[in-house]
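Here's a quick briefing to read with the model open beside you. Take it topic by topic and find each residue as you go.

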Amino acid sequence: MEVISENSYTPKTNKIKRDLLFLIIFTLILIIPFVNKPFHIDGPAFIAPYKTIFKTPFNPYGFSESFQGQQVDFFKNMPHPPFISYFISMIIYFSGGTSEIIIHTFFFLFPLIAVISMYFISKTVTENPLIPTVLLLITPVFLVESSQVTSDMPFLALLLFSIATYIYGIKYKNKYLLALSIISSNFLIITRYLGLLIIPLLFSYSLIEKISIQKTIKMLSFTIILLLFWSILNLMTHGELHIFKIIKNDSVLPLWIGFSYYGWINNFIGLISHLSGSTMFLFLIPFLCSSAKKHIYMLIATFFFAIFISVFYTSSYAIQYKILFIIFFGTGIYLFLSAIIKTKKQTFLFIWFSIVVLFNIFILPFSCARYNLPLIPPLILLLFSQIEGMKNSKFLHRFKIIIPVITLISIIIAVADYKFASSYKNISNKIADYIPELKKWHLSAWEFDYYLTEKNILPIDYSMIKENDLIIYSKNTTFYPIRPDILNRSILLREYPQTNRLPIRILDKASHAGFYSTGWGFLPISFSNNEIERITVLQVK
C-alpha cells in the first residue's frame with residue numbers, strides 16, 4: 001500500500017506544496033459562497049446548549065425544551081456528545097452573538113482539515129493523491145455538509161486527521177504525530193459516539209504494520225480520556241451515562257427501525273442508493289467498465305437486481321422516480337462490489353470501509369447522505385486504486401473531463417439545499433409580521449423552530465393557548481399532530497407555499513428525496529417542480 005518516500009516523513013517537494021495550495025484555494029472557492037447559509041436541519045440542536053454551557057459548563061445538556069407540545073429532556077434526546085456545542089459556544093462567547101457568517105467561518109476549518117488529511121492518506125495509496133482528494137471535495141454530500149453547523153463535517157475531519165497522523169507516525173516512528181492522532185481521536189469520540197470506531201481502525205492498522213499488540217493497546221487506551229471525563233460528568237450531574245440514556249430512548253434509536261430486519265433492509269437500500277446519488281460516483285463507472293468485460297456483466301446484473309428491489313420497495317413511486325431509484329441503486333451496488341473486490345493490497349481501506357458499512361446498516365436508525373461521509377474516503381481510494389491500475393494514456397485526461405461535471409452537479413445541489421434552508425428563515429420573517437398583535441405559537445422542528453423562536457414565536461404550549469391565538473406548522477418540520485381538541489376549535493387562516501425555481505429536491509416526500517433521511521424516500525436527490533414546503537397558519541376560536 002506504501003508509495004511515499006522513505007527519505008522524510010514530511011516530504012516538502014514543490015509538487016506537494018502546489019497541490020496543498022490548490023486544494024486550500026479550491027476548497028474555499030467552493031464553500032465561501034455559502035457562508036451566510038441559515039442554520040439548517042440539526043444545526044439548531046447543536047447551538048441550543050450554549051446558554052446552559054455559559055451558566056453550567058460541566059452540565060451542557062442540563063436543560064429541557066419544548067418540542068411540538070411536549071417538554072423534552074435534552075440530555076435524553078441529544079444523541080451526540082457535546083464537543084460541537086462547546087465549540088459553537090466558544091465562537092458565540094468571543095463573537096458576541098449567533099451570526100451565521102461568523103459561525104460558518106469558523107466551521108470552514110473542518111473541510112480544510114478533511115481535505116488536507118485526505119491528501120496525505122491518499123499519498124500512501126497512489127502516486128496521484130490530488131485526484132482522489134479532489135473527488136472527495138467535489139462530492140455533493142461533502143459540499144453540502146461543509147456549510148452545515150452540525151457534527152458531520154467535524155467528524156469526518158477529525159477521523160481523517162486521526163488516521164493520517166497515525167499512519168505517518170507509525171511509518172516514521174514519530175511520537176509527536178502519534179500524540180496528535182491520540183488527541184484528535186479523543187475529540188473525534190466526543191463529537192459523535194461513532195468515533196469509537198477509530199479504536200478498531202487504528203488497531204487494525206497496527207496489526208497490518210506488525211506493531212506490538214501490547215504497545216498498540218497501551219497507546220490506544222489514551223483515546224478515551226475525554227470520553228471518560230464526559231462520562232464522569234454524566235454520573236455527577238445526571239446519575240447515568242449519556243450514551244446509555246440515548247440508546248434506551250426509543251425516540252432517538254427506535255428499535256423498530258434500527259434493530260430489526262425491516263430496519264436493516266431499509267438502511268442497506270438507503271446506503272447503497274446514497275453511495276451513488278449523494279457522491280455522483282456513477283460517473284466513475286465508465287473508467288471501471290473499460291478495464292474488463294466482467295465489469296460490464298456485473299453492471300448489467302446490478303441493474304436487474306435494482307429492478308427487482310424497486311418492485312418491492314418503490315412500488316408507490318411514480319415511474320420517473322422508479323427509474324431514478326434504479327439508476328442510483330443499480331450503480332450504487334456496482335460501486336459497492338467494485339470497491340470490495342481486489343482489495344488484497346488495500347487491507348486497511350477494506351477494513352475501514354467494512355466497519356462503517358456494518359455500523360450504518362445494523363446500528364443507525366436510518367440512512368442518509370451525511371451518515372455515509374466516513375465511507376466516502378475509503379470508497380474513493382479503493383475505486384481509484386483499481387482505475388489507476390489500468391495505466392492507459394487516457395487515464396488523467398478522462399478525469400479532467402469528469403471532475404468539472406461532478407463539480408457542477410454538486411454546486412447545483414448545494415445551491416438547492418441553500419435555498420431550501422433559506423426558505424424557513426425568510427418565511428419566519430413574514431409570519432412575524434403577519435397580524436403582529438396576535439399571540440403566535442409554532443409546531444415545528446429544525447431551523448423553522450429556531451428562526452420562529454428567534455422572532456418570539458414560541459413552541460406550542462397547549463396549557464397557555466387562548467382564543468384568537470395563531471398556530472403555525474409545516475409539511476416537513478411538524479412531526480406530531482395538533483391536539484384534537486385544539487384542532488377542532490381552529491380555522492385555516494392562511495397558507496404559505498414555498499417554491500424553488502431549481503427543480504432539485506433535497507428533502508421532499510412527494511418526490512421521495514431523502515438526502516437527510518430515508519424517511520422521506522430512498523432517493524438521495526430528486527427532481528420536481530412541486531412546492532418544497534407549505535406553511536399553514538391556523539387561528540384558535
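How exposed is Arg483, going by its relative accessibility? Arg483 comes out at 37%, so it counts as partly exposed. Keep in mind that you're looking at a predicted model.

**Salt bridges**

- There are eleven salt bridges in the structure.
- Arg483 pairs up with Asp485, and their closest N and O atoms sit 2.8 Å apart. Asp485 is partly exposed too, at 38% relative accessibility.
- Lys425 and Glu100 join through their side chains in another salt bridge, at 3.0 Å from N to O. Lys425 belongs to helix H23 and Glu100 to helix H6 (residues 100-107), so this pair ties together parts that are 325 residues apart in sequence.
- Glu531 is in the loop between strands E10 (526-527) and E11 (533-540), and Lys475 is in the loop between strand E5 (470-474) and helix H25 (484-487), which puts the two 56 residues apart.
- Lys475 is partly exposed, with 41% relative accessibility.

**A helix tucked inside**

- Helix H8 (residues 130-137) has eight residues and seven of them are buried, so the rest of the structure largely encloses it.
- Among the buried ones are Ile131, Pro132 and Thr133.

**Cavities**

- Four cavities of 30 Å³ or more turn up.
- The largest cavity holds about 50 Å³ of space, and its lining includes Phe155, Leu159, Leu201 and Pro374. Helix H10 (152-171) and helix H12 (198-208) each give two or more residues to that lining.
- That lining has nine nonpolar residues, one polar and no charged ones.
- The second largest cavity has a volume of about 50 Å³, with Ala416, Phe420, Arg505 and Asp508 among its lining residues. Helix H23 (395-433), strand E7 (504-505) and strand E8 (507-508) each supply two or more of the lining residues.
- Here the lining splits into six nonpolar, one polar and two charged residues.

- A nonpolar surface patch covers about 1000 Å², and its members include Ile296, Tyr297, Phe304 and Tyr313.
- Tyr313 is part of helix H19 (residues 293-313), and it's partly exposed at 30% relative accessible area.

Conventions
Residues numbered from 1 in each chain as written. Predicted model: local features only at pLDDT ≥ 70, side-chain atom pairs only at ≥ 80, totals over all residues. Heavy atoms only, no water. Buried < 20%, exposed > 50% of the residue type's maximum accessible area, 1.4 Å probe, protein only. Helix = DSSP H or I, 4+ residues; strand = E, 2+ residues; numbered from the N terminus. 1 Å grid on protein atoms, 1.4 Å probe; cavity = no way out; pocket = protein on both sides within 12 Å on 5 of 7 lines; lining within 4 Å. Points joined across faces, edges and corners; volume = space filled by probe spheres on them. Nonpolar A, V, L, I, M, F, W, Y, C, P; charged D, E, K, R; others polar. Patch = residues over 30% accessible without salt bridge, like charges linked within 9 Å, V, L, I, M, F, W, Y side chains within 5 Å. Areas by Shrake-Rupley, 256 points an atom, 1.4 Å probe, with all protein chains shown as cover. Salt bridge = Lys/Arg side-chain N within 4 Å of Asp/Glu carboxyl O.
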